[in-house]
Amino acid sequence: DLFIEWPLDSAQGYHGPVQRVVIELKLVRKAPEATEQQGLRQTAAYARHVGADEAHLVLFDRRPDTPWDARIWQREAVQDGVPVSVWGA
């Protein structure tokens, strides 16, 4: 899991406006839907807690029977009112 924060105005630094991004990483081993739902809930709660401007959930599919072209995708989701970009990897 990763929380990134950087100033938007170099003159003001962290005393001015900042950009906040939350990135949650999950490994898919068996049930992709359950892993995604758990990840969405966790990502949204963390983003709300830190006041993030962006939230991303990356799902690494470790199932050996899943072809690579099915593992790579992206979509937008909303969890508890928080927009989350969901990425398959």
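The structure is a predicted model, in which local features need pLDDT of at least 70, side-chain atom pairs count only at pLDDT 80 or more, and totals for chains, interfaces and linings use all residues. Residues are numbered from 1 along each chain as its sequence is written, and side-chain values use heavy atoms, with hydrogens and water left out.

The protein holds 2 helices and 5 strands. Helices (H or I, at least four residues) and strands (E, at least two) are DSSP runs, numbered from the N terminus. Along the sequence they follow the pattern β-β-α-β-α-β-β. The C-alpha atoms fill a box of roughly 50 × 25 × 20 Å, taken along the principal axes. Of the 89 residues, 37% count as buried; buried means under 20% relative accessible area, exposed means over 50%, and partly exposed lies in between, with a 1.4 Å probe and protein chains only.

The strands form an open sheet with the order β1-β2-β3-β5-β4 and mixed pairing. Two strands pair if DSSP finds at least two bridges between them. The edge strands are β1 and β4, each of which pairs on one side only. From one strand to the next, the twist averages 20 degrees. Angles run from 0 to 180 degrees between N-to-C directions, and axes are lines fitted to C-alpha atoms, for helices over the stretch in contact.

Contact here means heavy atoms within 4.5 Å.

Strand β5 (residues 82–88) is mostly covered, since 5 of its 7 residues are buried. Strand β3 (residues 54–61) pairs with β5 in the parallel sense over 4 bridges, and V58 stands opposite W87 in β5. Strand β4 (residues 73–79) pairs with β5 in the antiparallel sense over 7 bridges, and there V78 stands opposite P83. β4 and β5 form a hairpin with 2 residues between them, and D80 in the turn has a positive phi of about 50 degrees.

Two glutamates may now be considered in turn. E24 counts as buried because its relative accessibility is 2%. Not counting residues up to four places away in sequence, E24 touches D1, G39, Q42, T43, H56, L57 and V58. The side chain of E24 also makes a polar contact with the side chain of K26 (3.5 Å). A polar contact is a pair of N or O atoms within 3.5 Å; within protein, one must be able to donate a hydrogen and the other to accept it, and residues adjacent in sequence count only if both atoms are side-chain atoms.

E5 has its place in strand β1 (residues 2–7). With a relative accessible area of 30%, E5 is therefore partly exposed. Leaving aside neighbours within four places in sequence, E5 is in contact with Y14, V18, Q19 and R20. Its side chain makes a polar contact with the side chain of R20 (2.7 Å).
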